[in-house]
Amino acid sequence: MQNINITLNGKVTAVAPEITILEAARQQGIDLPTLCHHPDQRVKANCRICVVEVEGVKNLVPSCSTRVTAGMNITTNSPRVRETVRTILELIFADHPQECLTCIRNGNCELRQIAAKFGVRDIQGEKRKHSFSQDFSTPSLVRNPDKCIKCGRCAEACHYIQNVGILYSHNRSTEISISPEYGKQLADVACVLCGQCALVCPVGAIHERDDTDRVWEALADPQKHVVVQVAPAVRVSLAEEFGFPSGEIATGKLVSALRSLGFDRIFDTDFSADLTIMEEGHELLDRIANGGVLPMITSCSPGWIKYMEHYYPELIPHLSTCKSPQQMFGALAKTYYAQTSGLEAKDIIVVSVMPCTAKKFEAERPEMDASGSQDVDIVLTTRELGRMLQHEGIDFRMLPEAEFDSPLGISTGAAAIFGATGGVMEAALRTVYEVVTGKTLTDLNFTTVRGMTGVKEASVDLAGMEVKAGIAHGLANAKKILEMIKAGQSDYTFIEIMCCPGGCIGGGGQPYGTTNEIRARRIEALYQVDENMPLRKSHENPAVQELYQDFLLEPLGELSHRLLHTQYCSRS
Amino acid sequence: MNKMLDDDQIFNISPGRHVDLDHHCQNGGYSALAKALAQGPETSLKEISDAGLRGRGGAAFPTAEKIKMLRANTEKLRYIICNADEGEPGTFKDRFIMTHIPFQLLEGITIAAFMAGASEGYIYVRHEYPEAQKILRESIEEAERRGFLGENILGSGFSLSLKLFSGAGSYLCGEETALISSIEGKKGRPRLKPPYPTQAGLWQKPTLINNVETLANIPKIIEKSASWYRSFGTPDSPGTKLISLSGDVQNRGLFEVPFGMTFAEIISEYGGGAKTGKAIKAVNIGGASGVLIPPEMLFTPLEYLACSKTGITIGSGAIFVLDDTRSILSNVQNRLRFFLHESCGKCTPCREGLRQANLILDRLLAGEAVRQDVSTLERYTRAIQEASFCGLGQAAGNSLRSSLAYYRDEYLASCRDNKPSFIEEETA
Amino acid sequence: MTAIKEVVNRFGKEEALLLQVILAVQDADPQNHLSEEAVNEISREMNISRSRVYSTASFYSEISLKPRGMHIIRICTNAPCENANKASILAAIKQELGIKIGQTTTDGLFSLESVNCLGACYMSPAIKIDDAVYGDLTPEAAVAIIRNLRKEYQNEQNA
C-alpha cells in the first residue's frame with residue numbers, strides 16, 4: 001500500500017497508511033507515554049495519557065487507537081497536550097498510595113517512570129484513602145488492589161490470552177475493581193497462578209510472592225547445605241535484568257552469580273529435564289503398547305496442571321504421571337544426592353530459580369514430599385533472583401564464565417529447549433525415535449514443532465508406528481485442543497501443553513517488559529544453546545545414565561514411581 | 001398543550017390520552033407505512049432527507065444521512081435499535097411518546113427499518129419505565145397480530161422482528177456503543193469509534209440507532225410530505241421539538257414547540273413564566289449534559305444553528321428553570337454527583353476527574369474551598385472535557401465548563417479566601 | 001425445575017440474554033435481588049463464567065446483589081426533584097420507616113433507594129414504589145402511600 005503524508009509536530013513525514021498515531025510517532029522517534037497499551041493486547045484507550053492534538057478535531061484523541069489519515073496534522077507537544085497529560089497523571093496519583101519507597105516495583109514501576117519523565121511536582125487532588133485488603137492467599141501471587149490504576153491489562157491477559165477469566169472488571173464509577181468476584185481472594189476462585197497478570201501489571205497491584213528473604217536466611221545458616229537448580233528459560237532471560245538485550249545467552253555468568261550469592265551447589269534443572277524425558281518417553285511407549293489412555297499430555301507446567309484440575313478434571317487420566325523437572329530434582333536432591341554426598345536430607349535446602357509463578361504453588365503441593373519432607377523448599381522467579389543480585393551489588397557484565405556442579409548439573413541440549421514451546425516434544429521425540437527404531441537420528445531438529453504459532457502439529461514415523469504430536473502454548477490454545485479431545489475429535493498420540501505464551505520463557509515470573517517479540521528472541525536463544533551443546537539427546541546424559549545404573553535401576557521402576565511420579569486431583 | 005397552530009402537529013400528545021391502534025389508524029396511522037412500502041426505500045428516504053429531520057437524542061445528526069450510511073454497506077444482515085433509554089435528567093418526552101402514542105413510534109421504527117434494510121430490531125427501554133415497557137410489549141404484539149409488524153408486513157414481503165429489551169439502571173446505556181454492549185448482554189461500557197454503529201454495530205453488523213422522538217417523527221413526514229413538515233420550524237431546523245419543561249415555572253409539562261421560538265418565549269408562553277414574585281436566575285438547557293445559561297441568553301432561538309453559535313446544547317430538549325432563590329453551585333453539585341454515579345469508571349479523566357470535581361464542589365458549598373481550588377477545578381474540567389473516552393465525560397466536562405464560564409463569580413464568592421484582606425495566590 | 005431454570009428456558013441460553021435473564025431472576029426473587037446461589041446457577045445454566053455474570057450484575061444500579069424488601073421505594077436525586085423539596089419528602093419517609101437510603105426495614109417490607117431521574121419532573125417531587133410513580137408529593141402524602149401499603153400487607157397476612 002502507498003505511504004501517506006502526515007504532519008507530526010510541524011514536520012511533514014511519510015508513513016504507512018492505517019497505522020496508529022502512536023506507531024507513527026514512535027517511528028519518528030517520539031515516544032508518547034502509555035499505561036494501558038500493550039503490544040500483545042487489544043487496544044483499550046482507557047488511561048488517556050497518550051492523547052494528542054489533531055487539527056480539525058475538537059477534543060484530544062488517544063494516539064494508541066486513532067489511525068493516521070492522509071494530510072492529518074498532529075501535535076504531541078503543545079501546551080494543551082502537556083497540561084492535559086500532566087493533569088491526568090496527577091489524577092492517577094491522587095488515587096494511588098504514595099508508598100513508592102517500599103513498593104516492590106520501586107525501580108521498574110511504569111507509572112513512576114512516567115511521573116519522573118513528566119515532572120509532576122504537585123498533586124492538587126485530594127488523595128484517596130483506600131481500604132482494600134491485600135491478598136496473600138496463594139503461594140504464588142500477591143494482590144494489592146489499592147495500587148490498581150484500572151488499566152485493564154491483567155483482565156485482558158486473563159480473559160483473552162489465557163481464556164481463564166478470574167480477573168474481571170466489577171462495579172462502576174469509582175467503585176470499579178478489577179478482581180475476582182464478590183471480593184474473593186485468588187485461592188477461592190479457579191485461578192491457575194500462571195502470573196500472566198503480574199507480568200503485564202504496570203504497577204505493584206499484582207506481583208509474585210517475594211521469597212528472597214527466605215533464601216537470604218537459608219544462605220546465612222551455617223548448618224544448611226543450600227543447593228540451587230535453575231530452569232532452562234532463566235539462562236536466556238536473566239541478563240535482561242541487567243540491561244542486556246533480550247535473547248542474551250548468559251549461562252556461565254548465571255552460574256557465577258549464584259556462586260557469589262553463596263549457594264553450596266549450583267545444579268541445573270536441565271539435568272532433571274533429561275530425566276523427565278526418560279520417564280515420560282517410556283511412559284508414552286508403555287501406553288501405546290499396552291492400550292493406555294491416549295493422547296498422553298505433558299505435565300511439567302504447574303499452571304497448566306492446575307487449569308486441568310479446575311476446568312477439565314475428567315481429562316486428568318490423559319496427563320503423564322511424571323512430575324515436572326523441578327520436582328523430580330527436589331526429590332532426588334534429598335535422596336540420591338544426599339546419599340552420594342554423605343549429607344543428611346534434613347540439612348539440605350533446595351532452592352529453584354524459575355521463570356514461573358505457579359512453580360511456587362507446585363513446590364507446596366502436599367504430595368510433593370516423596371523425599372520425606374518438602375522436596376523443593378523455596379522457589380524464586382527470575383525477577384527475584386535479579387533483585388538479589390542487585391542487592392549484592394553484583395555487576396553482571398563483569399562476572400566470569402563458570403560451570404554447573406556435578407552430578408546434578410550435567411545436561412544435554414534436549415533439556416535446554418524445555419523452556420520453549422515445542423521443546424519438550426522435540427526432546428521427547430529425539431529419545432523416543434532412537435529407542436523405538438534402534439537407529440541414530442541424523443537430523444535432530446524437529447523444526448515443525450518450533451515457533452510462536454498457537455497450535456502446532458507434527459507427525460513422526462517410528463518404524464511404522466505413527467506418532468501424531470500436538471503442541472499448544474497459552475491456555476486459550478490449550479483449551480482448543482482439550483475441546484477436541486472432549487468431542488472425540490483428536491487423533492493425537494502425544495500432546496505438549498505449556499501454560500504460558502511462548503512456553504516457559506514467557507512465564508509469569510520473567511523480566512518485566514516481556515512481549516511476544518521478546519519471547520521469540522528468547523526462544524531462538526534456547527535453540528542456539530541446544531545447538532552448541534556436545535550432547536543433544538536426553539538418553540545420552542551420562543549423569544542420568546549413572547542415576548539409573550546406581551539408584552533408580554530402570555525407567556518407570558518402583559523407585560521412579562515413588563520419587564518421580566505423582567497424581568492429580570479434581571478442583572472443580 | 002398545542003398553543004401554536006390549529007393544524008395537526010407532529011405528535012399531538014395529550015396527557016392522559018392513550019392512543020390505541022384503532023384510533024391511530026383512524027387518524028391516518030399506518031398509512032405512511034403503506035405508502036413507504038409501496039414507493040420503496042429510496043423514495044421514502046428522499047422524503048426524510050428533504051424534510052431535514054435530525055436526531056432528537058442529542059447529537060442532532062441528519063437522520064437520512066445515517067440511513068444512507070447503512071444502505072452503503074454490502075452486509076445484508078442489519079439491525080435497527082430504538083434508543084428508549086431516556087436518562088437525561090429533566091427529560092420525559094420519550095416516556096410520553098411510548099405511553100401515549102406507541103403506535104406512532106412503532107410505525108416510525110418500521111419505516112426506518114424498511115429504509116435501512118434492517119430485518120431485526122430492538123427497542124431498548126430503561127428499567128425505570130416499567131409502564132412504557134408494558135405498553136410497548138402489548139403494542140408490539142397487537143401490531144404483529146394486525147400485520148403491521150413481523151413477517152410480510154402488509155403483504156409487502158418486508159419483515160421486521162422487533163423485540164423489547166430492558167435496561168438495568170445505567171444512564172450511559174443511552175450512548176449508542178454502550179447501548180449495543182448492553183443488548184449484547186454485557187456491561188454498558190462504551191466502545192471505540194470508529195468503527196461507527198452504521199458500519200459495525202450490534203454483533204458487528206451495520207446498525208441504525210435512533211432516539212424515540214426521531215423515529216416518531218417519520219410517519220408524519222411520509223404521510224404528509226417533507227414540505228408540510230418544513231412548514232414548521234426554521235430552514236435550518238425544520239419541524240417541532242418536544243420540550244420537557246420543569247423547575248421554577250408556573251406550568252411544568254411536555255410541550256410540542258416549533259423550532260425558531262426563543263427560549264424566553266417558550267418559558268413564558270408554555271411555562272407561564274417564573275413563579276409569582278420571582279425572577280429567573282439561570283436556565284439549564286439540555287439536562288445535566290447541557291449548559292446553564294443566564295437570562296440574557298434566553299433570547300436565543302431554539303434552533304440548532306443559532307444555539308451552536310452561542311454554545312447552547314439543545315440536547316434532549318429539557319429546559320429546567322432556576323429562579324433567584326436557587327444556588328448555582330448546588331445545581332452544579334447535583335449534576336456532578338449524577339455524572340460520577342453514572343460514569344462507567346473505565347477512563348481516568350472521567351472517573352478520577354469527576355471524583356475530584358465532586359470533592360471541590362463539596363468543599364465550595366461547605367465554605368472550605370480556596371481560590372486555588374477553582375483554578376484546579378477549571379484545569380480538571382478541561383481534562384475531563386478534552387480527554388474522556390466517551391460522550392459522558394465530554395458532556396460532564398462541557399457542562400462544568402459552561403457553569404464556570406458564566407458563573408465564575410459565584411464560585412469565587414464561595415471561597416473562604418475571597419475576602420480582600422487575603423493576598424491573591426499565584427494560580428498554577 | 002427451579003425458578004432460575006424456568007427463566008433461562010423462557011428466555012434462551014444465548015449469552016446476549018444474560019442481562020434480561022438476570023433482571024427476570026431478580027424480579028422472581030422474594031427478596032428482589034440476585035443472590036450468590038442465583039449467580040452460580042445462571043452461570044451453570046447459561047455456560048457463562050461466574051465472574052462474568054457477577055461483573056454484568058454489579059455494573060447496573062437497578063440490580064441488587066444484596067437482599068432487599070418486598071417493596072422498593074426509589075426517590076429521585078436529580079435537580080428538578082431536589083429543587084421541588086425532595087429533601088422533606090425523603091426526611092418524612094426515613095422517619096416513617098426508620099431506615100436510611102440503601103437499607104431495608106427489619107420486617108423486610110420496604111427498601112429505600114435513590115434513583116436517577118424518573119422522567120417525572122413535570123410532577124416533582126416524585127418517588128417510585130415498585131412499578132408505580134407518585135408525583136406532586138407532600139411529606140404527608142408520601143407517608144400515607146407507605147402506610148397504605150403496609151396496611152394491605154397486614155390485611156393479606158391476616159386473611
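Q: Which residue stands opposite A:T75 in β5(A)?
A: That's A:E53. Heads-up: this is a predicted model, where local features need pLDDT of at least 70, side-chain atom pairs count only at pLDDT 80 or more, and totals for chains, interfaces and linings use all residues. Residues are numbered from 1 along each chain as its sequence is written, while chains are lettered from A and ligands numbered from 1 in the order in which they are written.

Q: How do β3(A) and β5(A) pair?
A: In the antiparallel sense, over two bridges, with β5 covering residues 73-75 of chain A. Strands here are DSSP runs (E, at least two residues; helices are H or I, at least four), numbered from the N terminus, and two strands pair if DSSP finds at least two bridges between them.

Q: And which residue takes a positive phi in the hairpin of β3(A) and β4(A)?
A: A:G56, near 90°, with six residues between the strands. Those strands, residues 51-54 and 61-62, run antiparallel and are joined by two bridges. A:V51 stands opposite A:P62 there.

Q: Switching topic: how many residues do chain B and chain C put into their contact?
A: Chain B gives 39 and chain C gives 29, with contact meaning C-beta atoms, placed from the backbone, within 7 Å.

Q: Which element gives the largest share on the chain B side?
A: α13(B), with six residues.

Q: Last one: what does A:V228 touch?
A: Leaving out residues up to four places away in sequence, A:V228 touches A:L258, A:F263, A:I266, A:F267, A:V351 and A:V353.

Terms used
Two residues are in contact if their C-beta atoms, placed from the backbone, lie within 7 Å.
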